[in-house]
Amino acid sequence: MRAFYLFEFCDQEWVPNSVRECLFECMDSCNSGLRSFNRKVANTVIEMARNVGLKKIIELGAGRAPITTCLAEDDRSEGLTLIPCDITPNQAVYRQLAAKYEDRVQPIFSSVDITDTHEQLDSAVLVLAGMMHHIPFELRPAVLEALSQSSSKIAMFEPLKRSLLSIFLATLAVFPALLLPVVRLHRPGRLRRFLWCWLLPVVPPMFAWDGVVSCLRQWTEGEWQAEFDRLGDLARAVEIHSQSNSLQVIWSGKEIAITHAPPTVPTS
Ligand SMILES: C[S@@+](CC[C@H](N)C(=O)[O-])C[C@H]1O[C@@H](n2cnc3c(N)ncnc32)[C@H](O)[C@@H]1O
């Protein structure tokens, strides 16, 4: 199946914030509610941080910071610093997290674009959950190269693949989006959910579209492997795990001391 880089609504500046919030909440409902994708990502990275002795976990392209949230709720993150950041930081969510878990959550409130280099991204576990497909194809090699120059451990997870099965499942995402106002009935934001999911129901088809486009933007296992072949010794201890509807790619930057940690368990 050919890859395409079509637009996603959640990346568009003209999309009103209230619609964007609903799209992100749909993502949360699918990946934290319907599936335990976010919890599994958090389990994998917390074990990784312990095994390699890194004290910082940075969630890149964090959106509503679902991984930082799972990590902060987990007692095993005591003593770690959890840092959500994004090219468009969700400052309201970050503020709530930092207030609730002031001993460990330290968000970056300014924009962090991973297509630029950032010193703060050194000596950390870097988590990229459901975000790598937002990087245009032509920029991905440079991003991987920059991340690999670090003394960090890099963990990339995608909850979808470029496959017919994933595309089919993404079209079904209209249903959780239609249920969003009920599922989040007791949370702030009721009016905007009623408006955009039921009265003017634009969010369910937009969310399904974003899901299908996300599938088409994915690199396959073979394309990831080809990229690591190109990087050579820069990226070390590469692990690529593909499951029916998800992909996990983990590697070490060139400066990190390689420990003999057990292999990571794939998320599904
Ligand atoms: C599909 S959302 C995923 C959000 C979150 N990781 C999750 O799993 O719910 C993709 C996120 O990547 C962010 N993003 C897109 N391009 C980026 C870039 N160049 N640098 C950093 N973040 C980026 C977007 O702002 C958005 O929050």
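**Helices, cores and ligand shell of a predicted model**

Glutamate 145 lies in helix H5, residues 140-148; helices (H or I, at least four residues) and strands (E, at least two) are DSSP runs, numbered from the N terminus. The model is a predicted one, in which local features need pLDDT of at least 70 and side-chain atom pairs count only at pLDDT 80 or more, while totals for chains, interfaces and linings use all residues. Residue numbers start from 1 along each chain as its sequence is written.

Glutamate 145 is partly exposed because 14 other C-beta atoms are found within 10 Å; 20 or more make a residue buried, 12 or fewer make it exposed, and partly exposed covers the range in between, with C-beta atoms placed from the backbone. Leaving aside neighbours within four places in sequence, glutamate 145 is in contact with Leu231 and Leu234, where contact means that the C-beta atoms, placed from the backbone, lie within 7 Å. Glutamate 145 can also be compared in position with lysine 254: the two are 109 residues apart along the chain, and their C-alpha atoms are separated by 10.0 Å.

Another glutamate, Glu25, is found in helix H1, which spans residues 17-34. Glutamate 25 counts as buried because it has 22 C-beta neighbours inside 10 Å. Residues up to four places away in sequence not being counted, glutamate 25 touches Leu180 and Arg184.

Attention now turns to the nonpolar interior. A nonpolar core is a set of buried Ala, Val, Leu, Ile, Met, Phe, Trp, Tyr and Cys residues joined through C-beta atoms within 7 Å. The largest such core has 48 residues, of which Ile57, Leu126 and Val127 touch the most other members. Helix H2 (residues 37-52) gives the most to this core, contributing six residues. Apart from residues up to four places away in sequence, valine 127 touches Val41, Val45, Ile57, Ile58, Glu59, Leu60, Ile67 and Ala155.

Between the C-alpha atoms of glutamate 47 and serine 77, which are 30 residues apart along the chain, the separation is 9.7 Å.

Helix packing is illustrated by H7 (residues 174-183) and H9 (residues 203-216), whose axes are 8 Å apart and meet at an angle of about 140°; the axes are lines fitted to C-alpha atoms over the stretch in contact, and angles run from 0 to 180 degrees between N-to-C directions. On the H7 side the contact is made by Val174, Ala177 and Leu178, and on the H9 side by Val203, Pro204, Pro205, Phe207 and Ala208. By class, this contact of H7 with H9 has eight nonpolar residues, no polar and no charged ones; Ala, Val, Leu, Ile, Met, Phe, Trp, Tyr, Cys and Pro count as nonpolar, Asp, Glu, Lys and Arg as charged, and the others, Gly among them, as polar.

The ligand is surrounded by 20 residues, the closest being Gly61, Gly63, Ile87, Gly130 and His134; a residue is taken as near if its C-beta atom, placed from the backbone, lies within 6 Å. Sorted by class, the shell around the ligand has eleven nonpolar, six polar and three charged residues.

Serine 123, in the loop between helix H4 (91-100) and strand E3 (125-129), has a phi near 50°, a positive value in a residue other than glycine. With 16 other C-beta atoms within 10 Å, serine 123 is partly exposed. Alanine 237, placed in strand E5 (residues 236-243), likewise has a positive phi, near 50°. Alanine 237 is partly exposed, as 15 other C-beta atoms lie within 10 Å.

Finally, helix H10 (residues 221-231) is the place of glutamine 225. Glutamine 225 has 14 C-beta neighbours inside 10 Å and therefore counts as partly exposed. The C-alpha atoms of glutamine 225 and glutamate 239 are separated by 9.5 Å, the two residues being 14 apart along the chain.

Notes: Contact = placed C-beta atoms within 7 Å.
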